[in-house]
Amino acid sequence: MSKITEEKKVQNEIINYLKSLPYCYVERRSPLGFSYKKGIADLFFVYKGVHVEVEVKKKDGITSPMQDKWKERCNLLLIPYIEARSKEDVEKWIKNLKDF
């Protein structure tokens, strides 16, 4: 039996939160999945038509250079990017999003 990591626990909490929202679609990316790229964010979701990338880190986790490059690419493309260390980080972003 495998032990769930702190990062995976936070990821699951975020996914469950996002799935509870109306007008929200969330998907987890997997290294075993189709067209996976190193450094790509762990999750993405679409909320009220806005595509958001989410990199999940444990409390003291740091991003890799490849992850920093992905964040930079998202910023250049005006794609919101959240580095989440808790479900509350995503909740805060959602609360700050203006209605369309």
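Glu83 counts as partly exposed because its relative accessibility is 28%, where partly exposed lies between buried, under 20% relative accessible area, and exposed, over 50% (1.4 Å probe, protein chains only). The model is predicted, so local features need pLDDT of at least 70 and side-chain atom pairs count only at pLDDT 80 or more, while totals for chains, interfaces and linings use all residues. Residues are numbered from 1 along each chain as its sequence is written, and side-chain values use heavy atoms, with hydrogens and water left out.

Glu83 forms a salt bridge with Arg85, the closest N and O atoms being 2.7 Å apart; such a bridge is a side-chain nitrogen of Lys or Arg within 4 Å of a carboxyl oxygen of Asp or Glu. Arg85 is likewise partly exposed, given its relative accessible area of 22%. By this rule the count comes to 4 salt bridges. Another of them joins Glu53 to Arg29, with 2.6 Å between the closest N and O atoms. This pair links distant parts of the chain, 24 residues apart: Glu53 belongs to strand 3 and Arg29 to the loop between strand 1 and strand 2. Helices (H or I, at least four residues) and strands (E, at least two) are DSSP runs, numbered from the N terminus. Both Glu53 and Arg29 are buried. A salt bridge at 3.8 Å, N to O, also connects Glu55 and Lys57, and both of these residues are buried.

Glu55 and Lys57 are among the residues touched by Gln67, together with Gly39, Ile62 and Tyr81, residues up to four places away in sequence not being counted; contact means heavy atoms within 4.5 Å. Gln67 lies in helix 2 (residues 65-76) and counts as buried because its relative accessibility is 11%.

The largest nonpolar core has 19 residues, and those with the most contacts inside it include Ile14, Leu18, Phe45, Val54, Val90 and Ile94. A nonpolar core is a set of buried Ala, Val, Leu, Ile, Met, Phe, Trp, Tyr and Cys residues joined through side-chain atoms within 4.5 Å. Helix 1 (6-19) and helix 3 (87-96) are among the elements that each supply at least two residues of this core, and helix 1 gives the most, with 5 residues. A second, separate core of 5 residues includes Ala41, Trp70, Cys74 and Tyr81.

Helix 1 and helix 3 pack at an angle of about 35°, with their axes 8 Å apart. Axes are lines fitted to C-alpha atoms, for helices over the stretch in contact, and angles run from 0 to 180 degrees between N-to-C directions. Val10, Glu13, Ile14, Tyr17 and Leu18 of helix 1 meet Lys87, Val90, Glu91 and Ile94 of helix 3.
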